[in-house]
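Please look at the sequence and the structure together as I speak.

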Amino acid sequence: MFDRSRRRLFMRRRTPDLPRMPWVISEAEFSERCSRCNRCVEACETQIIAKGDGGFPAVDFGRGECTFCYRCAESCPEHLFRPQTEAAWPIVAKIGEGCLAHQKIECRSCGDMCEVMAIRFRLQPGGVALPELDSSSCTGCGACVSVCPVSAITMVFEEQEEE
Ligand code: SF4
Ligand code: SF4
Ligand code: SF4
């Protein structure tokens, strides 16, 4: 179970534009101890780890999804990752107003990609089906992000969902 007090610390201290990898320890400790060796970048099976702010590794969901393979963690010589038995991260998808369905254009690309079926489509009277995200089912894998033709999906920390 993800420790909520640690999550708050993680949230408060987090400043980079892109999220860190799953299971990463607190941002403060990470930025202090990560040597930017790039082992995690090379180990990632979907190649979604990019050089972020200051050359520190971060996840770019525009490149693809996280499969939760844990290879980034296993490759880290500095032991900056929590055990795989803990929750990976408090990140979920958020569907924005730019979604084509809001312009009455039919699209279900994100729903088709979501393995856990966290995105359902609700038919609107006289319109097209609108996607709805069940954030309690969303794993934060990011598979829906790069397939959206209008980049309407972002990955946010759970606390930012309602903003
Ligand atoms: S868990 Fe696997 S897919 Fe996800 S960021 Fe780490 S190496 Fe990449
Ligand atoms: S893929 Fe993008 S445009 Fe298509 S339904 Fe999902 S959020 Fe809307
Ligand atoms: S991030 Fe993954 S689990 Fe969440 S809605 Fe997108 S595809 Fe589904």
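From the N terminus on, the elements of the protein follow the order α-α-α-β-β-α-β-α-β-β-β. That gives five helices and six strands, where helices (H or I, at least four residues) and strands (E, at least two) are DSSP runs, numbered from the N terminus.

Some conventions come next. This is a predicted model, in which local features need pLDDT of at least 70 and side-chain atom pairs count only at pLDDT 80 or more, while totals for chains, interfaces and linings use all residues. Residues are numbered from 1 along each chain as its sequence is written, chains are lettered from A and ligands numbered from 1 in the order in which they are written, and side-chain values use heavy atoms, with hydrogens and water left out.

Let me turn to confidence. The pLDDT, which is the predictor's confidence in each residue, from 0 to 100, averages 89 over the protein, and 88% of the residues score at least 70. Confidence is highest in helix H4 (residues 71–75), at a mean of 98, and lowest in helix H1 (residues 4–13), at 38. Over residues 1–16 the pLDDT is below 50, although this stretch has 25 contacts in the model beyond near neighbours in sequence. Contact here means heavy atoms within 4.5 Å. Where pLDDT is low, the predicted coordinates should not be read in detail.

Now to the protein as a whole. Of its 163 residues, 43% are buried; buried means under 20% relative accessible area, exposed over 50%, and partly exposed in between (1.4 Å probe, protein chains only). The accessible surface comes to about 9100 Å², and carbon and sulfur atoms account for 47% of that surface. These areas come from the Shrake-Rupley method with a 1.4 Å probe; for residues, only the protein chains shown count as cover. Among contacts between residues at least 6 apart in sequence, 61% join residues at least 24 apart.

Which residues are found around ligand 1? They are Pro22, Cys44, Thr46, Ile49, Cys66, Thr67, Phe68, Cys69, Tyr70 and Cys72, a residue being near a molecule if one of its heavy atoms lies within 4 Å of it. By class, this shell has eight nonpolar residues, two polar ones and no charged ones. In this scheme Ala, Val, Leu, Ile, Met, Phe, Trp, Tyr, Cys and Pro count as nonpolar, Asp, Glu, Lys and Arg as charged, and the others, Gly among them, as polar.

An unreviewed UniProt entry gives the annotation "binding site" to Cys34, Cys37, Cys40 and Cys44; its positions are given in the numbering used here, feature names are shortened, and annotations may be inferred rather than shown by experiment. Cys44 lies in the loop between H3 and strand E1 (49–51), and counts as buried because its relative accessibility is 11%. Cys34 sits in the loop between helix H2 (27–33) and helix H3 (39–43). Its relative accessibility is 13%, so Cys34 counts as buried too. Leaving aside neighbours within four places in sequence, Cys34 is in contact with Phe56, Pro57 and Leu80.

The residues around ligand 2 include Cys99, Cys107, Cys110 and Cys148. Its shell has 11 nonpolar residues, one polar and no charged. Around ligand 3 there are 13 residues, the closest being Cys114, Cys138, Cys141, Gly142 and Cys144. That shell holds 10 nonpolar, three polar and no charged residues.

The UniProt record, again an unreviewed entry, lists Cys138, Cys141, Cys144 and Cys148 under "binding site". Why does Cys138 count as buried? Cys138 does so because its relative accessibility is 16%. Cys138 lies in the loop between strand E5 (130–133) and strand E6 (153–157), and, neighbours within four places in sequence aside, contacts Val92, Ala93 and Ala118.

Cys144 is found in the loop between E5 and E6. At 9% relative accessibility, Cys144 counts as buried. Not counting residues up to four places away in sequence, Cys144 touches Ala93, Cys110, Ile119 and Ile153.

Finally, Ser135 is placed in the loop between E5 and E6; at 24% relative accessibility, Ser135 counts as partly exposed. Ser135 and Ala118 are 17 residues apart in sequence, and their C-alpha atoms are 6.9 Å apart in space.
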